[in-house]
Structures are given as C-alpha cells and as structure tokens.
Amino acid sequence: MKLFGMGLLQSLLGIALVATNVGCNREPDTSKVSGDVKTRIPVAAEGGDYSLQEVTLQGITSLYEFNGQFAKFYIFPSAVQGKITGIQPKTRFIKSGDLYVAADELSQQMTVIYNHLQNLAALDAEVGAGGVNTWPRDVGVAVRYRRGDNFDANNAFYDGPTDAILVVPYTQNNLPIAVNAGILAHEHFHSLYYKLVEKEMFDKETKPLHGKKVREAVLGSAIVGEPLNIAKVETPNDEIERYHRVFSRGVNEGLADFWAWVYTGDANFLKRSLPSEEKDRTLDLTEKEVADYKFPNKEDFSARLAMAKVQNFFDGTKNPCGGDRVAYCLGTDYARTLKRFAKVVETSRGLTSIEARKLVAMAIVKTLPSLRTEILKYRDRKYFSPEHFFTMLKSSVDGIHSDEKDFLDEIVNKSNDTDHGKVKAAPASLRPSEEDRPKPSATIKPFPVAVGGES
C-alpha cells in the first residue's frame, strides 16, 4: 500500500518541482532553517478550488524535523502518558531563491497541514476561541491501525485524550485528505468541541465518545509490533445516556462540517477527497428540499436511534442512518441549517459571505459551554431536544436582527409541528463508503466498514 496518494498530489508536487529554478540548491541544510519560511503548496481559494500558491509558514523551529509554533509532526505515532509520540519525520526540500519547495509527498503534506493550522489558529482568535487550544498542535501522519483484516485508509481523526490530529494513508486519486482544507478544518473544530463540551462528559475513560475506541486502535502499538484491531465501545445500558452520547457526537460532526464551510466557503469539501459522500454530506439543499425540510426533534431523533439497529429496510434499500451513521445524519441536519442561517445573516446585514460565516461561528463558540451544561442534565433524567440548540444560538448572536430571529424560531416551531410530516434524513459520515475503501490485494484482505472518529 502506498503511504500517500496518489495521482493528484503527485501531479501537484511535480508541478511545484518543475516550477523551481533549475539552478536551485537541491540539498539545502534544512536543519538550520527556522523562522518564517516561504514555500509553494496547493491551497484552496474561496469555494474550494485548489492551485499552487506561495505561502509563508510562520514560526518554524526546524524545517528538517518540521515543527514550529503551530504544529509538531510524528510519523507512525504511539501514545505514552496521554500524549502522542513517535518518529519525527525528516523532510526533503528543494531551495529556489527564497522558496523551500517540498521534494516528496510526505514533506508536502506536512507543509500543507502546518499552513492550515496557522490559519485556523487565526480563525479561532477572530471568532472568540483563541484561548481554547494550546499550540503547537500534535499531528500524527501515516498513522497505521488495523480494522478487521486490513489497515484503515482514507480517513482522519481528532483524538481528544491525546489532543492530536491523526491522518491515515490516502489511497485514491482525488485530493488527499491531508491536503483537503475542509477536512482539516473539520478535524480542528473537534478539538474545540472536545474541550468546550465533551471532555469527561459521560465517563472518565480516556476515549473519544464516538462509537469506536479510536484512541486505542489508532495509537495502541503503531511503532513496534502489529497494530491493534479496533473494538467497539460498550453500549450504555441506560437509554437516556445513549441518546445523549449519540446526540453529542451528531452535533459535534455537524458543527465540524459547518466549520469546514466557514473556513473554505466550499459546501462540498468532502467530495474532493471522498466523492461518494457528496450526495449525503453536501451542505446545499434545493428549494424543494428546503420547503419540505423539518429539523428533527426529540421524538424524530429517538425514532432514528431505534431504527439505527436496522441496516436494511423491508424493501431492501439501505437505511441511510443505520449503525453509527445515525449521528452523522443529525450532524448534516445541523450543518445544512446553519449554512442557511448564515445566508440569512449575510442578506440581513449586507455582509460578505465570509463575514456572515464568521459571525455565526462566533455565536457557536459562545453557545458551546451552555450546550455542555444542557446536555449534562441527562444525569437528572432530562432530555435535550435537538432543535433547542437554535434557541440557545439565538441568544448568542450579537445584535440579532428580526429576520435572523424569525429564521431560528421557524426552525424550532416547524421541528415541533407534528402535522408537518416525517423528518427527511440527511445521512453520511466521513468514513469511506464501499467505493472509497482500498481494494484488496494479495497481501491485504478486505475489512469491515468504519471511519470517523472525531472526524
């Protein structure tokens, strides 16, 4: 299996190298390179179109081992005493004038990730989340773990207990996940949600509350020996606790998808790396879909949870919210609704799209601590109804306009309109579907589906 893929990144890397001066220093002493470093990498413009651009990486401590103010990288990481550790990758760059251009795929991927993390740090500060994360962020690349009889691929995770972003190998010919600005922003948001909402919410076990023991499976023994098989988290016996675990996971995934749109302006960021997810995870709705749409209330969500045990309906069609995908169904409900709300804000205030997106993002950050308080009421046998999030959000929007308030009130009122009809599911997950999985080879056996983790 190739560590990174594939055709697109190789093409971009080739273009970058061809673009360098033929008389450049091909073996610069990068161990002595630090400070602000100029490079050329694939960067997404507003809306998600990628092209090679010159950027400045800020606060580099060592270009050779690639760490600095915003990120520290580990290859094949493991976990020791609550932190990831492992081999520090050694980079390869070509120097052209004052530019350092990555000379292999791993170096380019780390360069891209670092650039996005420094931009996401700036976004955090702008929307009121500047003090939530600590920097530099720990990032694991080429993360190996076994899922069934095969190694997982085409995925990324945020792991709360180790506070690390983890990227597994990409095997397709589309935009690699490590280069996808939207997916990186999605994973970054999970670090905010974990610290503001989820940490130690349900139990004191050091594992993400995302349906799989991602931390143990990904980080257990990746440097020496065989990677661990993935194991399922025990299903809580208490129904109200299960409800809120899945709800928390769903709102986390939905807000992370919205955060990706805030950062990129790309409503279809997932399709660039995982095309099969476009239909289920796009943030765009048609006019008819908007007219027919009803946000799920407690009864709707409880019904989805009950049906999640059914993988296929009686007519043979697949349940789009089956298994742990039920959380992603709710997440897409949130992401699509918040995108529509941002458009209302944009029109109402005469803002640009990015200005409106950031205003809504700021309101979300203000809402998250209160969301934690409300979810924790499950311990007092109280349910959090999904649509109530928008009532909470309403009080967090600075100087809310009447039409913005009306939009949020309508979402809540329509959600509770029992005569409106059945909620229309918006399924999906960042896990690869059948066509996204690596194809079996003579040495690699097929494995059962799963992706995701705080992804």
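In this predicted model, the charged end of Arg 357 is placed over the ring of Trp 261, 5.3 Å from its centre. A second contact of this kind involves Lys 298, which lies over the face of Tyr 383 at 4.3 Å from the ring centre. Tyr 383 also belongs to a cluster linked by ring pairs, together with Tyr 243, Phe 247, Phe 295, Phe 301, Tyr 334, Phe 384, Phe 389 and Phe 390.

The largest nonpolar core holds 107 residues, of which Leu 371 and Phe 390 touch the most other members. Helix 5 (residues 239-264) gives the most to this core, with 13 residues. Leaving aside residues up to four places away in sequence, Phe 390 touches Phe 295, Tyr 334, Thr 337, Leu 338, Leu 408, Ile 411 and Val 412.

The aromatic pairs number 20. One of them, Phe 66 with Phe 93, is stacked, at 6.3 Å centre to centre and 20° between the planes. This pair links distant parts of the chain, 27 residues apart: Phe 66 is in the loop between strand 2 (50-62) and strand 3 (67-68), and Phe 93 is in strand 6 (residues 93-96). Phe 66 is buried at 1% relative accessibility, and Phe 93 is buried at 4%. The pair of Phe 70 and Tyr 114 is edge-to-face, because its planes stand at 85°, with the centres 6.0 Å apart.

Finally, there is 1 disulfide. Cys 321 and Cys 329 form it, with sulfur atoms 2.1 Å apart, and the link is left-handed, with -110° about the S-S bond. Cys 321 is buried at 5% relative accessible area, and Cys 329 is buried at 0%.

Key: Residues numbered from 1 in each chain as written. Predicted model: local features only at pLDDT ≥ 70, side-chain atom pairs only at ≥ 80, totals over all residues. Heavy atoms only, no water. Disulfide = S-S within 2.5 Å. Buried < 20%, exposed > 50% of the residue type's maximum accessible area, 1.4 Å probe, protein only. Core = buried A, V, L, I, M, F, W, Y, C linked by side-chain atoms within 4.5 Å. Helix = DSSP H or I, 4+ residues; strand = E, 2+ residues; numbered from the N terminus. Contact = heavy atoms within 4.5 Å. Phe/Tyr/Trp six-rings, centres within 6.5 Å; stacked < 30°, edge-to-face > 60°. Lys NZ or Arg CZ within 6 Å of the ring centre and 35° of its normal.
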